[in-house]
Structure formats: structure tokens, C-alpha cells
Amino acid sequence: PSEGWRTQPHHLSKEQLWERIRQECKRDADDEPTLASFLYSSILAHKSLEQALAFVLANKLASPTLYSTQLKQIAEDVYREDPSVMEAAMADLHAVLDRDPACDRYTQALLHFKGYQAVQSHRIAHHLWLRGRRALALMLQSRISEAFHVDIHPAARVGRGILLDHATGVVIGETAAIGDNVSMLHHVTLGGSGIGSGVRHPQVGHGVLLGAGVTVLGPVTLGPGAKVGAGSVVVTDLEPHSVAVGVPARVIKRAAESE
Amino acid sequence: PSEGWRTQPHHLSKEQLWERIRQECKRDADDEPTLASFLYSSILAHKSLEQALAFVLANKLASPTLYSTQLKQIAEDVYREDPSVMEAAMADLHAVLDRDPACDRYTQALLHFKGYQAVQSHRIAHHLWLRGRRALALMLQSRISEAFHVDIHPAARVGRGILLDHATGVVIGETAAIGDNVSMLHHVTLGGSGIGSGVRHPQVGHGVLLGAGVTVLGPVTLGPGAKVGAGSVVVTDLEPHSVAVGVPARVIKRAAESE
Amino acid sequence: PSEGWRTQPHHLSKEQLWERIRQECKRDADDEPTLASFLYSSILAHKSLEQALAFVLANKLASPTLYSTQLKQIAEDVYREDPSVMEAAMADLHAVLDRDPACDRYTQALLHFKGYQAVQSHRIAHHLWLRGRRALALMLQSRISEAFHVDIHPAARVGRGILLDHATGVVIGETAAIGDNVSMLHHVTLGGSGIGSGVRHPQVGHGVLLGAGVTVLGPVTLGPGAKVGAGSVVVTDLEPHSVAVGVPARVIKRAAESE
């Protein structure tokens, strides 16, 4: 589901982005020698954004029983097999810069934002899931939940340009689908209703914004551009560009009004 | 409080369960050589379910200042001193398979579900607490909160057949008691009301279901089979088999109606 | 903002506190030899509370790419450059003992409470932020969020005598300010409204109490002594000593009544 993502005029190409990231790192390493070794091994030692991102994720997801070298190889293989995974990673990076007022540098998101790293790790797990490598995908889901406090089932479909801000406690279920340009704050749940089979989880349209602590339950559809206020519980469909709040959520603005 | 747990006809004996887990691991190791070493060291190298579970928990709870070998020994000693701790661990494993639609294999819960691992770690801490090993029990509580994002006071009493789904952010206070067959989603709080002494936390009956983000405060009693909808705040007793939702929660179905 | 913090008659001086902590550790090491090595390296091997706290935080925040020795040095430098950081750390320790009924020993908070450790780590990051060491401060913010599940922007201003109970999922934004003697439970958000520049986050007065899962959004002011019930969403100012609950929160008691 990626028709919603649009490259903005100020977005960088992959080469420009990689060069910008390296410049940011060099400046930080000069300003703060304490971080020089970290910045070198994480970014400056690598030949491409793919290698650097694979290294960063592998170090976060490694455990006493799963080595970072294995994980780095797995991620690099995915980026080589399917270049759209890295395109989505770049779209997400631009999304953080576009939409998070507390972030004005690419390295900050790449190196430090667990929401960004959780989504990129999920993209690896999802690729493996689709190719039938189920045991490995489920292990990655578990490690993502431990390391980033974000629990996304590897089968969940996630668009481009995604922002998970703060990210702690996000839960996204097996049959959920998320469009492009979706922003969600921490503690958001896209959960099952506990009944039925087939699609059991929410279908979230392009450009939807879900506030802190929002819970959406069951196979409901949130139309493109819908917004849900913090702490709300949504158990029904929402029309495109509507605004809903409360427990349970009620619509307080419809499309025409919210323009 | 374990009269509520009933072994279902399809539940396996300990020997059957251990054999099934080993079979699942062997199949995964064949299918995914990347995981072979992890699966061997976690499961296949061990002689019993007790040893394997002690190894898994010890590796998750280890820290630079508390070694996995120490932790493994502590867990094995508890399983030997009180076989009911392992019986509860098996009941919880069956509960995950029975009630989580996203889980159809024992190894998935045993190796990967932080909710399952948090409850098993709490059972160890609770055993130590009851025997006066307070400092060690409190340290385990802290490590459980760090590693699994689940904060259960070691004094809290927890029945059998417990499912903590997703688990991030669960908080269970010192004088809480939880019956058998209880299911709770992530972000559930069984908290104190901040006043009084003695029992300050909720008493949760057999078979209760608490949705994502439910907060129950104070020494209230949730009757057997009660259900609370996502995001609700409960500050009063709930009758058996009633259904409550909202902030504050109001009962929307009583026992007769909810049958 | 520290005029609100008052030393209580039963509070210990730094020397008394350090001696009490060492006594607690010696007793625990005698009672539980399993912990002797941990207690020795964390507390008893050090010459001062500053050294011990720096060691404890450094071990929690260390990562494969940031060494505990570096972090310990950074923290010790901050304590030496600005003694008020350690004064605040002591006030927070007294606050936990004063206000958390489940905690009756200093070592429990110091060694085990992630809310306490998150606040102390933030105080280090904030000191670095004010001195322009932005890259290092942001890296610490990221490690605090990973290790303690508490996301506090390093620019946020935090008073003395702070209790973060359980702490999982707390999020505090860039322009938030928190007075003295503030208590907040887990899942509390002091978030931005997403609009405007300048001050975008809540200003929380002395002695405010925020229950589990409370979300406060935008540049609102919570007057001194205000209380907000669990699960509430606050988007307006609250008068001093008022009590508010609900989604959205409405005031249920005003100052005169709540006395």
C-alpha cells in the first residue's frame, strides 16, 4: 500500500542522504570526541546507507544467543534482495524530519530513535515472513519487542513514510495494514477484537494520525487522513479526514469541517 | 488460588510437552540453520523442561552484575524445591496456546513471549520472597521490569493458566492477587489507591479478561469471569461475569445477559 | 524551579545517607551471598555516593558501542562541576522513601528502581545539554529510553524530590517543566500539542500528582498540588490543588474542597 507516499521537493536522493549523514557524523565526532568511536563504527566505517543501517539494527537486536554479525548479514541480504525495503527506510527517515519537531538531523533518527529502528527491523522481519522464514521472523519480532518496546507481528503490512514517535508500548497485530505517511505516538495499539478469523485487526489509511495511547480494536477501517485524539478507544470505522476522540471515540469533526 | 485451573483434554503431560517442544526445535533448526545454535543451546542441549526454562530465563535476566549461571541455578533450585512452580509454568504455556490466536507453537511462547517469560520469572521471585530472600526477590523484580517491561511485585499472588499478551507496561502491585485462567493485554495496571494499609491492590477472580490499557485501582474485587474493555479505569468491585467499559468503568452487561 | 522542595526533619545528610546505604548493603550481602559481589562492586567498593551512583547508571546505560567506563567518567564530571545535581539526586531518593509504600530502603531505589535511575540519568543529560554537548545528551536520552523505557528530552527542566513510580512508558517533551515534589505513575505523557513554537509542552507545578496513564498535552499549566486521576487526558490549565479525572479531564474538586 504505497501510493500515498510522495517524495517532497526538499527530500534527498540516496546518495545525497548518505553524504549528509556522514557530514553530520563528522561534525559530531569533532565536537564530541567521546562519541567519535561510536560514530565511526556505526556510520563512517561503512560504504553505504544499507551497510550502516544493517550495522545499527544488528547491534540493537543482538543477544547472547543471536550474534550481531549474523543479524547484519540477514539485513544486508534483505536490502539486496528487495531494494524497496531501503526506499521505505529512506521515506521513514524523511518522515521523521518532516513531522517530529524535536528532530532536525538524520543521524538522530537513524542512530537514536527506537521508533525508527523498530520499523526498520520490522521491515526485515516482514520480508523474511513473506519468504516463509517464519521462525526467524518471529524471533526478530521478539527481539524488537525487547529492544524497542514495540511489538509488531511480522505479517503486518506497513506503508512508507511512517513515524512512530517515542514508540514505547506500540502493539500492531498480525492482520493489521498501515498506509503511507501514518504517524502514531507511543502506546498506540492496533489490536484484535478477539473474535472471528481472517482479518482481525485495523486497516489504517494513508496519512492517519493516532495520538498517544490510542487503542483501535478489530477489523475496522480508518479512512485516509483520519485523526484520533490521545487516549481514545476506536471500535468502529472512521470516515476519511474525520477527527475522533474519547472512550469510546466519537467523531467531533467530519471531512468538510476539518479542512 | 488455583482451584480455577482445569487441564483440558488436549493438554499434554510434562513428558509429552517436553518431547513436543524438542520436535518443534528440531524442525526449526533444520528449516533455518541461522537459528540452529540458538535452538540447541536454549532447548536441545537440556535434559528437561525445567533446565531449558531455567536457561532461557537466566539468559534474559542476566546483567553485567548478575551472571546467567547464578540465575540458572536459582531457578533450577526453585523448580526442585517446589514442583508446583513448574506445573504453573506448564499451565501458562497451555494458556497461551489456548487463548492467543497468533501463537500455535509451544516454543514460540517459551523462547519469545516476554509476557510468558515475565510470569515465569515472577514465579521464581515469589518463591524466594515467601522464603524470606527479599533482597534477591526485589532484584529479580527489577530485572523483570528492565528485560520484559512488566513490573510485578514479588509478593503478588498469581494463579495458573495466566496469559499476558504483548505484556509491555503491565504493573501489578504488592498486595494484588490474581486467580487462575486470567488473561490480560499490555499496559494493564493492578495498582494501589494510595491510601490505607493491608490489602491495597485489586483481587482478580478466575477467568477474568482485562483489555489493553485497563487500570484497576485499590482493593477492589473483580468477580470470576468479569471482562473489562480496553482503556477502562475500574475503581469499584465487579460482579462475576459482568462486562465493564469506560473511564470510569460502568457495567454494560450483567451475568445473566452476558451468557 | 526548586523553591518547592523542603528537607524533612527525618531526611539524612549526604554523609548519613551514604553510611546508611552502606549498612543496608552489608546486611544484604550477609543475608544473601548470591548478591555479595553485585553489592560490593555497585556500592561498597566506592568512596562516595557520587561514585556509586555514577557506577550504577553507567552499567545500566552502557551498550556495545558506549562503554560503562566512559559513562561513569561523564557522570562523575557532572557531579563535580555542579553539586546541585547530586543534591537533587538525594532529594529524589528521599522522595521515593517518603511516597512509595512499597519501598522502605534507599538501596532498593538506588540499585533497582528504573524510575529513579531514569531521572538521575536525565539530570546528567540535561547538564550536558545546557553546556551545548547536544549530541552526547541526545544519545543519553536514547539510552535512557532503551534501558528504562522512559523518554525525557534532555532540554526538559525537572525539579527536586521527583518520584517516577514503575516508570514504564513515561514521555516528557522538550519544553516541559516539572516543579519540585512531583509524583507520576507509569505511562504518564507530558506531550506537545503538535502546533505552535516556543513552549509546546506542559508546565507542571510543585507537588502535582499524575496517576497511571495520564496524558497532558500542550503548553498548559498544572497548578501546584493539582491531582489527575488514572487514564485522564488533560488539555487545559488546572488550578492549584484541584482534582481532575476523565477523557477529557474535568475538575471534580477545587482547592477549598480538596483541603
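Reply: A helix axis here is a line fitted to C-alpha atoms over the stretch in contact, and an angle runs from 0 to 180 degrees between N-to-C directions. Some ground rules: this is a predicted model, where local features need pLDDT of at least 70, side-chain atom pairs count only at pLDDT 80 or more, and totals for chains, interfaces and linings use all residues. Residues are numbered from 1 along each chain as its sequence is written, chains are lettered from A and ligands numbered from 1 in the order in which they are written, and side-chain values use heavy atoms, leaving out hydrogens and water.

Let's zoom in on helix α3 of chain B. Helices and strands are DSSP runs numbered from the N terminus (H or I with at least four residues for helices, E with at least two for strands). Two packed helices are described by the angle between their axes and the distance between the axes. For helix α1 (residues 14-31) of chain B and helix α3 (residues 49-61) of chain B, the axes come within 10 Å and cross at roughly 55°. That makes α1(B) oblique to α3(B); the naming goes by angle, with under 35 degrees roughly parallel, over 145 roughly antiparallel, 65 to 115 roughly perpendicular and the rest oblique.

Who's touching whom? On the α1(B) side you have B:Lys14, B:Leu17, B:Trp18 and B:Ile21, and they meet B:Leu49, B:Glu50 and B:Ala52 in α3(B) (contact means heavy atoms within 4.5 Å). Sorted by class, that's five nonpolar, no polar and two charged residues (Ala, Val, Leu, Ile, Met, Phe, Trp, Tyr, Cys and Pro count as nonpolar, Asp, Glu, Lys and Arg as charged, and the others, Gly among them, as polar).

α3(B) also packs on α5(B), with the axes 11 Å apart and an angle of about 75°. This puts α3(B) roughly perpendicular to α5(B). In this contact B:Leu49, B:Glu50 and B:Leu53 of α3(B) meet B:Met86, B:Ala89 and B:Met90 of α5(B). The tally by class is five nonpolar, no polar and one charged.

Between chain C and chain B, 27 residues of C are in contact with 27 of B. The buried area there is about 2300 Å², and carbon and sulfur atoms give 58% of it (buried area is the accessible area, with a 1.4 Å probe, that two parts lose on being put together, summed over both). In chain C, C:Glu32, C:Thr34 and C:His112 lose the most area to chain B, together 21% of what that side buries.

Three salt bridges run between C and B (a salt bridge is a side-chain nitrogen of Lys or Arg within 4 Å of a carboxyl oxygen of Asp or Glu). B:Arg134 and C:Asp104 meet in a salt bridge, at 2.9 Å from N to O. At least two residues each come from α2 (36-44), α3 (49-61), α6 (106-112) and α7 (114-130) of chain C on its side touching chain B. That side splits into eight nonpolar, 13 polar and six charged residues.

For A and C, 27 residues of chain A are in contact with 27 of chain C. These chains bury about 2300 Å² between them, 58% of it on carbon and sulfur atoms. On chain A, A:Glu32, A:Thr34 and A:His112 lose the most area to chain C, together 20% of what that side buries. Three salt bridges cross this interface, and A:Lys60 pairs with C:Glu146 through their side chains in a salt bridge at 2.5 Å, N to O.

What about A and B? The side chains of A:Arg134 and B:Asp104 meet in a salt bridge, 2.9 Å from N to O. A:Arg134 lies in helix α8 (residues 134-148) of chain A and B:Asp104 in the loop between α5 (84-99) and α6 (106-112) of chain B, so the pair joins two chains. Over all chains, the structure holds 36 salt bridges.
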